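This briefing goes through one protein model by topic.

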Amino acid sequence: HFGDRCGTCDTCVSRAKNKDDIERDFADGGARLVLYAISVLNSSQGTSQLDKILKGNIIESYRYNDRYADPNVIKDRLLEMKSKLQGYKKRVPVTYFSKEILPALMTRDFVQTEACHHDVGGRRRTWTGYSITVKGRGVLRSGPIILPVPASIREYEMEQAAKVQQSLEYLKKAGADVTTIPQHELEEGSGTVFKALTTWHSYLERLERNGNSDRMEQLEDLRLRIDGWRLDVAEKYRIAPADAMPEHSLLSVAYATASSGVTEIEKSVLIAAGVRSGGIDSLVETLNEWKRETTPKASDQAGKDDLSVMTFTEVTCTPRQCWEHFIYRPQKKTGLASWESSYQRFTNGEHPQTIAMSPINGRPIQVNTVIGHIFEGLLSGQPVDLRRLSTLGVPPNKAQWDILRSIENETGFDVTEDPKISGVDGGLFKMSDFLASVMGDEFVNKDYADRTPNEKAKFGKWCELLKWYTTLRRIQYAPIFKDSSEKNEQITDSAEKDEVYVKDDYGKDEVYVRDDSEENEVHADI
């Protein structure tokens, strides 16, 4: 009979199985985002152009509904809307919107289609264009958007739920207290607490896999010291330990402390990272005491001492141009490269230790990773305060720079070339290959697990120096060295510009010019 259901087809089975979840409000699940994207395009644009702007790309002006609209404003608005998507939808591929949400919007008359064609060389090309209806415009800014739930979304949700459960089982097995993870993070499989726990225990697992039991014991000692401080503060102020410092914050602080090299932790860093406690001064001392006890001496790490240190006379270094082999790789979800958040936060005055403890995505990272992100900004042609950065990650001194330069000259490596083909025999550039003469063949031929802590520390320090070296060489920066006990020597010309003459690595004289009007550094061969 008309209106009756067979009860056996896929549609009927799905309705019976999900009778309480046939439809949902997708307003904050991608529907309003798709409607906005369609609204800014003219009605002749198909799904390929829709996908492009949803990825954060800028397309030709004639494709927009308003030819005089600012594409960057539209891009920023779309990225903002994507960042506010609920749950797992923040991580779905862009085709989710055009293949799942768009058809559902069409079935409920929020979007209408139009057959489009274009004649080229006697052949007609046809496609479907999209525009929003009056009903669609009515919910463009607010209001629920009720749509049927596609089967593919249910399948995706089941996959995500399985991944979350797998992550929880991993954390439980590792000894993590998963009861501290908020419910919304459990549902999404992501979040600040979830990521902090996962990062810490993955780090320990990696150390265990590499046979680094000594470092594991040091990290456990660090965690216990922070926990001891937390218990003392809780008792003193009569608060719960979690109020003094939540478990995920404890692990984030421990991870950043362990990965920050020789640089000591500052009080301002902890405050900026969200640590709030009357006992913060004693926490700073606890962290730095652990660092002093576990960090190998600098003389063991980087060779002979040298009083000729690299000095930066300018507040900001602005490369003349982007490194020719730099590739900008924006992420589909944010439209920004992975390094840009760290770079912008550093540029705005934040300490790399703070950025490492509390990154935008919630997953703690190493301080050296933050410094690497800042170097990426420099390679992209963006200005960087190298003088400030040099107080956080120590650049090569004169002797170390000369060693690295001689390796490049004598071995045929060229760090300014494409890393994909500038390594041994035209292969991938590897730091271990470049530093082989510094570390010795015995070290290079050793398995990672067989290397001593001092060998690892020395290699790690030379890798940090090499990152400075390669970055400055790639932006054609000629370093200035001076005795750490002496003052800068400057020669001022009639135009009131500061000029410091140095020898570059090729033996040519190069003038280093400071233009006070633009606060930029300009290189000029003479």
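Two residues are in contact when heavy atoms of theirs lie within 4.5 Å. The model is predicted: local features need pLDDT of at least 70, side-chain atom pairs count only at pLDDT 80 or more, and totals for chains, interfaces and linings use all residues. Residues are numbered from 1 along each chain as its sequence is written, and side-chain values use heavy atoms, with hydrogens and water left out. Helices (H or I, at least four residues) and strands (E, at least two) are DSSP runs, numbered from the N terminus. Buried stands for under 20% relative accessible area, exposed for over 50%, and partly exposed for what lies in between (1.4 Å probe, protein chains only).

- K195 is located in helix 9.
- With neighbours within four places in sequence set aside, K195 touches S190, N361, G362, R363 and P364.
- K195 has a relative accessible area of 13%, so this lysine counts as buried.
- W200 also has its place in helix 9, which spans residues 192-209.
- The relative accessible area of W200 is 2%, and W200 is therefore buried.
- P364, one of the contacts of K195, lies 164 residues from W200 in sequence, yet the C-alpha atoms of W200 and P364 are 8.5 Å apart in space.

- Axes are lines fitted to C-alpha atoms, for helices over the stretch in contact, and angles run from 0 to 180 degrees between N-to-C directions.
- Angles under 35 degrees count as roughly parallel, over 145 as roughly antiparallel, 65 to 115 as roughly perpendicular and the rest as oblique.
- Helix 18 (residues 367-379) and helix 24 (residues 453-474) cross at roughly 10°, and their axes come within 10 Å. Helix 18 is therefore roughly parallel to helix 24.
- On the helix 18 side, N368, F375, L378 and L379 take part; they meet E464, K467, W468, T471, L472 and R474 of helix 24.
- This contact of helix 18 with helix 24 has five nonpolar, two polar and three charged residues. In these classes, Ala, Val, Leu, Ile, Met, Phe, Trp, Tyr, Cys and Pro are nonpolar, Asp, Glu, Lys and Arg are charged, and the others, Gly among them, are polar.
- Helix 16 (residues 340-347) packs on helix 18 at an angle of about 90°, with the axes 8 Å apart. Helix 16 is therefore roughly perpendicular to helix 18.
- S342, Y343 and F346 of helix 16 meet V370, H373, I374 and G377 of helix 18. By class, this contact has four nonpolar, three polar and no charged residues.

**Aromatic rings**

- Rings of Phe, Tyr and Trp (its six-membered ring) pair if their centres lie within 6.5 Å; planes under 30 degrees apart count as stacked, over 60 as edge-to-face and the rest as tilted.
- The whole structure holds 14 aromatic pairs.
- One of them is the edge-to-face pair of F326 and W339, with 6.2 Å centre to centre and 70° between the planes. F326 and W339 are 13 residues apart, and each is in the loop between strand 5 (308-311) and helix 16. Both residues, F326 and W339, are buried.
- F429 and F434 form a tilted pair, with 5.8 Å between centres and 55° between planes. Both F429 and F434 are buried.
- One aromatic cluster is formed by F312, F375, W468 and Y477. Its members F375 and W468 are also among the residues where helix 18 meets helix 24.

**Salt bridges**

- A salt bridge is a side-chain nitrogen of Lys or Arg within 4 Å of a carboxyl oxygen of Asp or Glu. The count by this rule is 20.
- E60 and R63 form a salt bridge, with the closest N and O atoms 2.9 Å apart. E60 is partly exposed at 39% relative accessibility, whereas R63, at 18%, is buried.
- R124 is joined to D119 by a salt bridge, the closest N and O atoms being 2.9 Å apart. R124 is exposed at 54% relative accessibility, and D119 is partly exposed at 45%.
- K398 and D402 form a salt bridge of 2.8 Å, N to O. They are four residues apart in helix 20 (residues 398-411), so about one helical turn separates them.
- R77, E80 and K84 are linked in a network of salt bridges.
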